[in-house]
Amino acid sequence: MEASMLEETIQNPNPYPIIAEQHYDDIWHLCQQARDLAWDPAKHIDWKLLEEEVSTLPDEVKTAGAEWWSLRAWMEHGATPYGAERFRQAVFEHQPFEIKQHVANFIQEELRHHEASFRIAKALGGYQPSPRSDYLQLIIPKFHDEKEERQMSFYAGMAVNTLFEQLSGELLTARYRNARFKGIREACKMILRDEARHIQFGRILMRRFFGELDAEEKEMLGAKFAGKLRGSLLNGVYSVVNLRADERKRSARARALAAEYGLGATNPDEEVDIIAAALKQIREDVAPYDVPIPIIPEIEGDRELIIKQEDVA
Ligand SMILES: [Fe+2]
Ligand SMILES: [Fe+2]
């Protein structure tokens with residue numbers, strides 16, 4: 001092979017040298033669990049049965065449920081381009097085998113959450129392949145901004161991401177409890193089982209790497225967390241609080257309707273309480289590492305938690 005051709009094959013990311021030895025037993029353990037607990041959304045859930053069960057619901061309810069599960073599907077998909085970038089970065093930075101394996105599992109798992117979600121939307125009579133309102137079309141792509149991610153180190157960035165997994169895990173737990181239909185309930189349960197591993201990965205990263213970050217990096221990490229939450233996730237993804245008034249009203253009503261009929265959704269008021277409780281937990285989790293998370297005014301409302309945080313420190 002000509003030298004110039006060889007060079008072409010090892011452009012960015014350059015995978016060499018490939019580190020195959022294992023460094024992190026706890027992360028490898030998660031990879032083994034992922035293999036044992038793999039599931040197939042197409043086969044695991046009886047989609048025909050779900051279609052039949054929801055067929056008698058009023059049209060307005062089915063439409064609200066399909067919109068909700070379409071949104072869930074976009075959210076789950078949002079994690080896959082993010083994961084692809086992290087995989088690329090893991091290769092480029094020559095991370096150990098189990099890190100690359102975990103990130104590959106993460107992509108695969110988020111894809112199957114995406115699949116289960118769009119299948120539910122289809123069973124309800126209509127997956128919407130792109131967000132219904134122009135406003136959401138502007139907001140959802142901001143969910144993953146690679147420029148923002150690149151300002152953090154690999155492990156710090158992944159740890160921030162898993163703080164969001166923790167938040168969305170709490171919301172999903174409430175949606176699982178809300179689900180009255182077997183297929184929807186099962187999908188929520190299986191997604192939660194995968195998410196538990198993603199959250200566990202974050203805890204391992206925190207334990208292993210947060211101690212090494214300097215104060216400036218920790219501050220940036222907290223600011224990035226708050227920025228992403230306020231800038232995109234509260235705009236209709238985790239909650240509707242930061243949506244434009246007309247869109248907030250419309251999507252809150254659809255969400256409340258889906259929740260009322262047990263379609264695995266949450267009432268918008270309930271969402272704010274869940275996010276507030278999850279934020280409190282996250283602050284407690286990161287407190288030992290002195291990672292300051294700015295107050296989220298639209299959720300926390302007052303300075304009570306800042307004061308508590310200062311008490312801890
Ligand atoms: Fe997911
Ligand atoms: Fe996840």
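How close do the axes of helix 9 and helix 13 come, and at what angle do they cross? In this predicted model, the axes of helix 9 (residues 154–178) and helix 13 (residues 268–286) come within 9 Å and cross at roughly 140 degrees. Axes are lines fitted to C-alpha atoms, for helices over the stretch in contact, and angles run from 0 to 180 degrees between N-to-C directions. Helices are DSSP runs (H or I, at least four residues) numbered from the N terminus.

| Helix | Residues in the contact |
|---|---|
| Helix 9 | Leu163, Gln166, Leu167, Glu170, Leu171 and Ala174 |
| Helix 13 | Glu270, Glu271, Ile274, Ile275, Ala278 and Ile282 |

Of these residues, 8 are nonpolar, 1 is polar and 3 are charged. Ala, Val, Leu, Ile, Met, Phe, Trp, Tyr, Cys and Pro count as nonpolar, Asp, Glu, Lys and Arg as charged, and the others, Gly among them, as polar.

Confidence is expressed as pLDDT, given for each residue from 0 to 100. The protein has a mean pLDDT of 87, with 90% of its residues at 70 or more. Helix 3 (residues 41–44) has the highest confidence, at 98, and helix 15 (residues 304–312) the lowest, at a mean of 45. Where pLDDT is low, the predicted coordinates should not be read in detail.

Residues are numbered from 1 along each chain as its sequence is written, while chains are lettered from A and ligands numbered from 1 in the order in which they are written. In this predicted model, local features need pLDDT of at least 70 and side-chain atom pairs count only at pLDDT 80 or more, whereas totals for chains, interfaces and linings use all residues.

Definitions and conventions: Helix = DSSP H or I, 4+ residues; strand = E, 2+ residues; numbered from the N terminus. Contact = placed C-beta atoms within 7 Å. pLDDT = per-residue confidence, 0-100.
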